[in-house]
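Keep the sequence and the model side by side.

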Amino acid sequence: MSQSSLPFGEARAPSENAAGQQPSKLFFGLKPTSSLSFRMNRAAARHALDRTRRSAYPPHLLHMTLLCMEEFRAPPRHLIPAIQKAIGEIGARPIPIALDGSNLFGRKRHLVLTSSTVNRELRSFVRILRNTLSRHNLPRFPLTSFEPHVTVIYDCGHIDLLPVPQPYAWTAGEFLLIYSHYGESRHEEFGRWRFDPDAPPYPSSPEQLRLMI
């Protein structure tokens, strides 16, 4: 798994408010292409008019969470070298993503884009990712369920679902390790890894996946 440059130490430290009142999440995620992010944002902004006072999430922050590692009061810089070493062991192919519907998640408070079909490649990669962290004794939340989605409006309440006349589709060529500063609408990247088109195909069943890893 090849890795591009990492902006270690270049981002600002979290504010006293964010660090003192609420922990922030460190997670692995995918980001849509820039053009798709702006398209998602424009659609959500139009949909929000006269329906909610909440704004559409900024396009540069739109993401799909793959796996949350843990919550921290400040960026866990001491963990980054171990995470980098562990993730370097993974070889995984690019993953096609298609979001063709919408729903309300988080007790019907957040408007999200979803998929009507099961993405087996994505699920396999998430399982590989979690098992890699587990094997290296790194923090990770329990993987109870996984519903791929991109949140386009947070805390909007129960509103009409967002029509998706044309799927938001892209092929994910990389995945990221992100620290989301609570209450600041700011992401701090701690890793960006490219998928490998020449990697072995994803296992087609949980049994094969267990044998592979």
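Begin with the lining of the largest pocket: by class, 18 of its residues are nonpolar, 16 are polar and eight are charged. Here Ala, Val, Leu, Ile, Met, Phe, Trp, Tyr, Cys and Pro count as nonpolar, Asp, Glu, Lys and Arg as charged, and the others, Gly among them, as polar. This is a predicted model, in which local features need pLDDT of at least 70, side-chain atom pairs count only at pLDDT 80 or more, and totals for chains, interfaces and linings use all residues. Residues are numbered from 1 along each chain as its sequence is written, and side-chain values use heavy atoms, with hydrogens and water left out.

The volume of the largest pocket is about 1400 Å³. Its lining has 42 residues, and the closest to the pocket centre are Lys25, Thr65, His110, Thr151 and Tyr154. A pocket is found on a 1 Å grid over the protein atoms alone; it is an open set of points where a 1.4 Å probe fits, with protein on both sides within 12 Å along at least five of seven lines, and lining residues have an atom within 4 Å of a point. Points are joined across faces, edges and corners, and the volume is the space filled by probe spheres set on them.

Which strand gives the largest share of this lining? That is β2, with six residues. Strands β1 (24-30), β2 (64-72), β5 (110-114), β6 (149-153), β8 (174-181) and β9 (186-194) each supply at least two lining residues.

Now step back to the whole fold. The protein has five helices and nine strands. Both are DSSP runs numbered from the N terminus: helices are H or I with at least four residues, strands E with at least two. From the N terminus, the order is α-β-α-β-α-β-β-β-α-β-β-β-β-α. Of the 213 residues, 45% count as buried. Buried means under 20% relative accessible area, exposed means over 50%, and partly exposed lies in between (1.4 Å probe, protein chains only).

Next, the inside. The largest nonpolar core has 55 residues, and Phe28, Ile83, Phe125, Val152 and Phe175 have the most contacts inside it. Helix α4 (residues 120-135) gives the largest share of this core, six residues. Such a core is a set of buried Ala, Val, Leu, Ile, Met, Phe, Trp, Tyr and Cys residues joined through side-chain atoms within 4.5 Å. Beyond its neighbours within four places in sequence, Ile83 is in contact (heavy atoms within 4.5 Å) with Leu26, Phe28, Met69, Leu138 and Leu177.

What of the cysteines? Cys68 counts as buried because its relative accessibility is 11%. Cys156, at 8%, is buried too. With a disulfide taken as a pair of cysteine sulfur atoms within 2.5 Å, the count is zero.

Finish in the loops. Pro94 sits between α3 (80-87) and β3 (95-99) and is partly exposed at 23%. Pro94 and Phe195 are 101 residues apart in sequence, yet their C-alpha atoms are 5.1 Å apart. Leaving aside neighbours within four places, Pro94 is in contact with Thr171, Ala172, Phe195, Asp196, Pro197 and Tyr202.

Asn137, in the loop between α4 and β6, has a positive phi near 55 degrees without being a glycine. Asn137 is exposed, at 67%. Ser185, between β8 and β9, also is not a glycine and has a positive phi of about 50 degrees. Ser185 is partly exposed, at 47%.
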